[in-house]
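These are my notebook entries on one structure. I set down what I looked up, in the order in which I looked it up.

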Amino acid sequence: MLKVNNIETWYDLIRALHGISFEINKGDVVALLGSNGAGKTTTLKTIMRLFYDLKEEQPEKGTIEFLGERIDRKATDEIVKMGIGYVPEGREVFPELTVLENITIGAYTRKDRSGVKSDLENVFHHFPILKERNSQQAGLMSGGEQQMLAIGRALMSRPKLLMLDEPSLGLSPILTQEIFGIIKNINEKDGVTVLLVEQNVNMALKYSHFAYLLENGRIVRADKPDVLREDEDIKEFYLGIATEESVKGYKRYRRKVRFR
Amino acid sequence: MPFKQLLIEGLAMGACYGLFGLAVVIIYKTSEVVNFAAGTMAMFSTYVAFHVITLYGFPFWLAFLVSLFFAAVLGVFVEFFFIKPAKNPTLLGLIVITIGAQLLLGGLAGWKWTADQQAFSIPFSYKVIYEPIPGFHISQWAIAVFVIAFIIVTFLFLFFKFTKLGRAMRATQQNKHAAKIMGIKTDRVFAFSWAFSSVIGVTAAMLISARTILDPDFMMEPFLRAFAAAVLGGLMSIPGVLIGGGIMGLLENFFGYAFPSWKPITAFVVIVLVLCVRPSGLFAKHYVKKV
């Protein structure tokens, strides 16, 4: 469904993505994992063409295909129209708009009124709390509610692919669980393909069908969650289950990753 | 007793300031640019109306429409050729750009229409005076100002509250990044808000010039007053700028009546005092923006 082929993104003289390739199949939940500064958010922003403002030639190298069509030179609103929904990191709701206005803004690119209405019902079905808070200013809601609002807002464009940037950021474990449950629901019931960017590796592995591990702008692992979970390195550095002396192990791991 | 006269006249002038302040606020709200060229842009568009009336003999209302259209085009033009080419500008840079646009337009107007003072008249004269309630004298001009201000404000309220584009404008103002993700063409929203602001600006400018005179500098003073009204209202809120404009007009009129030689500075003294007490204006709402 989404095919990312060898893309590079530069911040001035710093190369943030060193040629990343991955693929997402329809109906899957795919996780993009990695620590701080690995390039996860940059990857999503590159797909959405949010650096377009700053420079025309973006991504600098490589191609991105969505549903067989190249989108790496399209404008953001066209990409949204084609069916990619994006929930940005840190929620980014419109603070002074009401909850309902926030959600309806999500359907900005759509023209079919009846479809929008039924989707609104669907969003309220997934997030009953949003219906209760209907006319509240979004900026006055709690972090978890704002996250739900951001997801609901993205769903209103009726995306075929939903990209979530750290949905668990700043949420309590129990809320994280709830959000992930809803994401799973969206994937299974609505048939929306999900690309999940996470630092919470444990959670992400639990809910995804396939996972990519990013490090320093390169993909260093790509496998099914079950396999990754058993991997010694991932166990040690991402899941926090230490099996050998850390410093030595870290050095060994660094070397391994560098030569890949 | 001049009190009632001062009140009505002050409110009418205040409404003009408020309207013109709206032009400043709309741009500031969407793109966080303080448009120092607003006055000159409005002046230029008023001259266009003047031009088509005197040279081509257009009836006033047709000239009015021509001028509105021209103002919209001018707004988009300024946004596209002055503001947009600046990549990642600083606030100061933007201010300098708008001042540059102002100088350019002012120079153009002076070259085309000379610096002579002209009389610009609209069908509502301030010399025709009614007395609806005994003792209250209200000029035709003042009535027109109130009616037009009311129409524009109602329209703006409905527009921002209920239309898709209005909501998109508010969304863009609050979070440009997220607005883009929603598929809003933010470039178009900016261009539109400049056109919008320019149209409101020229409406106010015509009302003001009908009361005063028309020359390439006539909008300078009202612009500063309107800007002060906008600052008083917090630069962000539409009701705020209207109230600010009202306060401004009233103060100026009453104080100017009592101490005529101090009239020009009253407004600014008040601003300084208000900003000392409430630095973000009287009606500003606080939402901390992420950088």
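**Conventions.** I worked on a predicted model, in which local features need pLDDT of at least 70 and side-chain atom pairs count only at pLDDT 80 or more, while totals for chains, interfaces and linings use all residues. Residues are numbered from 1 along each chain as its sequence is written, and chains are lettered from A and ligands numbered from 1 in the order in which they are written.

**Chain A, open sheet.** I looked up the sheet order and found four strands in an open antiparallel sheet, 2-1-4-5. Strands (E, at least two residues) and helices (H or I, at least four) are DSSP runs, numbered from the N terminus; two strands pair if DSSP finds at least two bridges between them. Strand 2 (14–24) and strand 5 (69–70) of chain A have a single partner strand each, so one side of each lacks a neighbour in the sheet. I then followed strand 1 (residues 2–11) of chain A, which is joined by five bridges to the antiparallel strand 4 (residues 61–66) of chain A. A:Leu2 has A:Phe66 in strand 4 of chain A as its bridge partner.

I noted that helix 1 (residues 40–48) of chain A lies across strand 1, strand 2 and strand 4 of chain A, at about 75° to strand 2 of chain A. Axes are lines fitted to C-alpha atoms, for helices over the stretch in contact, and angles run from 0 to 180 degrees between N-to-C directions.

**Chain A, hairpin.** Strand 9 (residues 210–215) and strand 10 (residues 218–223) of chain A run antiparallel and share five bridges. A:Ala211 faces A:Asp223 in strand 10 of chain A. Two residues separate the strands of this hairpin, and A:Asn216 in the turn has a positive phi of about 45°.

**Chain A, domains.** I recorded domain 1 (2–95 + 157–223) and domain 2 (226–260) of chain A; the bounds come from an automatic or database domain assignment. Nine residues of domain 1 of chain A contact seven residues of domain 2 of chain A, where contact requires C-beta atoms, placed from the backbone, within 7 Å. On the domain 1 side, helix 8 (201–207), strand 9 and strand 10 of chain A each supply at least two residues.

**Chain B, helix 2 and helix 3.** The axes of helix 2 (residues 38–56) and helix 3 (residues 60–83) of chain B come within 8 Å and cross at roughly 145°.

**Chain B, helix 3 and helix 8.** I found these axes 7 Å apart, at an angle of about 140°. Helix 3 of chain B is therefore oblique to helix 8 of chain B; angles under 35 degrees count as roughly parallel, over 145 as roughly antiparallel, 65 to 115 as roughly perpendicular and the rest as oblique. This crossing, too, is right-handed.

**Between the chains.** The contact takes 20 residues from chain A and 16 from chain B. Helix 6 (164–174) and helix 7 (176–181) of chain B each supply at least two residues of the chain B side. Helix 6 of chain B gives the most to that side, with six residues.

Technical notes. Contact = placed C-beta atoms within 7 Å. Left-handed = near helix turned anticlockwise from the far one by under 90°.
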